[in-house]
Amino acid sequence: MARRLNIGAVRSSFAPWADPAAVPLARFEGVTKRFGDAVAVAGVSLDIYEREFFALLGPSGCGKTTLMRLLAGFETPDAGRVLLGGQDLAGVPPHRRPVNMMFQSYALFPHLNVFDNVAFGLRQDAMPKAEIRARVEEMLEMVQMASLARRRPDQLSGGQRQRVALARAIARRPRMLLLDEPMAALDKKLREETQFELKELQARLGLTFLIVTHDQEEAMTVADRIAVMRDGAIEQVATPAEIYEAPASRYVADFLGDVNLFEARVDRVEPGAAQVRLASAECPAGFTALDDDAPAPATQVWLAVRPEKMTIALEPPPPGTPNVLEGQVWDIGYTGDWTTYLVDLAEDRTIRVARANASRLVDRPIGREDKVWVSFAPDAGVVLTR
Amino acid sequence: MRRGPSWFNIASVGLGLAFLYLPIVLLVAYSFNAGRLVTVWSGFSTRWYAALIEDEEMRDAAWITLRVGLISASAATVLGTLAAVGLVRGGLFRGRLLFAGMIYAPLVMPEVIMGLSLLLLFVALGQARGFWTLTAAHTTFTLCYVAVVVQARLVDFDRSLEEAAQDLGCPPWRTFLTVTLPNIAPAVAAGWMLAFTLSLDDLVVASFTSGPGATTLPMRIYSQVRLGVSPEINAVCTLLIGAVALGVALWGLVGRARTRAPV
């Protein structure tokens, strides 16, 4: 191994998953769950650590909600074990599990007011009345719902219901809070605010959060680590930056953000430089990429390049520049902060190139049907084998 | 184009409604007749209501009907609700279809057949017929109606509410009592009222399954009518209509509360 590559723009000192001595709070061991003939979860093994904000990300029907429900106790695994704090949860009914869930529909009890909804879980344990009262008030204060304690759920807005559901789920101080698409019903602006609030709350309470979502931005914003799921199996578990900058597969690269994929074959691995040469029909000169764990020559690979890591120009770059593609602008999407160019390289082959609009004035704006040269640095692309 | 209903529409609706309700209106009106003849109006009077209060047999019959109704409706509500929960929440247990069919069959079964079969059962068991056989028979057939009403509500009921309760540490049976039942209460109440009303005006099943000393109001009325209609019968029928109308109105009110329930 030549060189370790640092990935992503975020540095964090919280990384229990990297510590081999750390004991996970929750553990899935080869868990499989079938519904009739359909396999919802296929042999998933996963560790979630204390104080971690963990996201299960995937399209609908990928098994992420089933995985969460296995932990809550609403489903029983057909194979494998689910452990919490080292204890096997098999045979433990939902009402005896020290986890609480916030439901996608919020599932607020319509016949109880806000106060009684939050108090519901506390009343199940023989907790003194005064203590229940104090705890509920503290929870409502925390989610800024104290003034609406006497309201019924049907008299609240969507955002208010969401807050009550959150307060109810954390009132019992669970060892782990499960959030099933908690922000799916909120509008975009409110959702973004809530994401940061949720993160702040999690840090303040020191709780372990497990969130299920299909929204990649949401997962990337809130989570310490993300597990990307596909057809009941986990494709990759990593920090948001690693998932985005070093995806493990074409599926992950494509699911999170935009990506251009080039089919290629490993030509030559430069010893000592972590550099690989790739031969590809799409670029006669071949691609150059950085990889500290390159596959053997002649392996079929895909080079994944994010649109924002490419540069676009109206003149050809100086000779010797690696990774140059020639094409013609087919369409342009302007979104204010970014401009996305759709560039035709050949018949039926279009790539996306994005440029941050860092300055207001541009010498030579690029227009439709302009002939352009697209290039990217060797460290911009990721070599994928699957 | 002409708007609104045509003369034909109005006439046909009017005639239809008249055919349905005119007899009832006549019956109610003649209960206030002063004379003994049921078809000749001879002035307003409440003497038949007074006579009714004096009539011990009628009073006994009314009291029995009320008791049978209250007991059988309550028992049917408990059993019918449990049957509905079993059907909706039990998942795909073996024989579910058969169970559902057996719950629904009495809704379409001719009452004569049900009455007769219950009679044969009581005879075979050597059970003397009376108040309790009648109550059991009414419980049996009104149970099905309760099950249907409650089931309709349970199907709409958000399952995640029960899951949320259990997630918050509530054991299953307590979840049923503190979360499920309060939310399906309108349907349970409507089922009870339906069962009570059905028991109140049942004649056929009661005739087969009742015995001496347990004559219900519809049975008493029917046997008296065979001897000739007296305005006293009109009076008791008017009261019965009032009771049923009240039941239906309450059912409707409760039903409206149910639709108002939040999603």
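This is a predicted model: local features need pLDDT of at least 70, side-chain atom pairs count only at pLDDT 80 or more; totals for chains, interfaces and linings use all residues.
1. Helix α3 (residues 56-89) of chain B packs against helix α6 (residues 131-156) of chain B, with the axes 5 Å apart and an angle of about 40° between them. Angles under 35 degrees would count as roughly parallel and 65 to 115 as roughly perpendicular, so α3(B) and α6(B) are oblique to each other. The crossing of α3(B) past α6(B) is right-handed. As for what sits between them, the contact of α3(B) with α6(B) has 20 nonpolar and nine polar residues, and no charged ones.

2. Staying with chain B, here is how it meets its partner. On the chain B side 16 residues are in contact with 19 residues of chain A. Two helices of chain B, α7 (159-167) and α8 (172-200), are the elements that give two or more residues to that side. The largest share comes from α7(B), with six residues. By class, the chain B side divides into nine nonpolar, four polar and three charged residues.

3. Over to chain A, which is divided into domain 1 (16-254) and domain 2 (258-384). Taken over C-alpha atoms, the centres of these two domains of chain A are 39 Å apart. Where they touch, six residues of domain 1 of chain A are in contact with six residues of domain 2 of chain A. The domain 1 side of that contact has three nonpolar, one polar and two charged residues.

4. Now for the sheet in chain A. Six strands form an open sheet with mixed pairing, and if you walk across the sheet the order is β6-β7-β8-β3-β9-β10 (chain A). At the edges are β6 (99-102) and β10 (233-238) of chain A, each of which pairs on one side only. From one strand to the next, the twist averages 20°.

5. Strand β3 (residues 53-57) of chain A runs parallel to strand β8 (residues 208-213) of chain A, and the two pair over five bridges. Within this pairing, Leu57(A) stands opposite Thr213(A) in β8(A).

6. Finally, what packs on the sheet? Helix α1 (residues 64-72) of chain A does, and the strands of chain A it touches are β3, β6, β7 (176-180), β8 and β9 (225-230). The direction of α1(A) makes about 145° with that of β7(A).

Notes:
Residues are numbered from 1 along each chain as its sequence is written. Chains are lettered from A and ligands numbered from 1 in the order in which they are written. Two strands pair if DSSP finds at least two bridges between them. Helices (H or I, at least four residues) and strands (E, at least two) are DSSP runs, numbered from the N terminus. Axes are lines fitted to C-alpha atoms, for helices over the stretch in contact, and angles run from 0 to 180 degrees between N-to-C directions. Two residues are in contact if their C-beta atoms, placed from the backbone, lie within 7 Å. Domain bounds come from an automatic or database domain assignment. Ala, Val, Leu, Ile, Met, Phe, Trp, Tyr, Cys and Pro count as nonpolar, Asp, Glu, Lys and Arg as charged, and the others, Gly among them, as polar. Angles under 35 degrees count as roughly parallel, over 145 as roughly antiparallel, 65 to 115 as roughly perpendicular and the rest as oblique. A crossing is left-handed if the near helix is turned anticlockwise from the far one by less than a right angle, and right-handed if clockwise.
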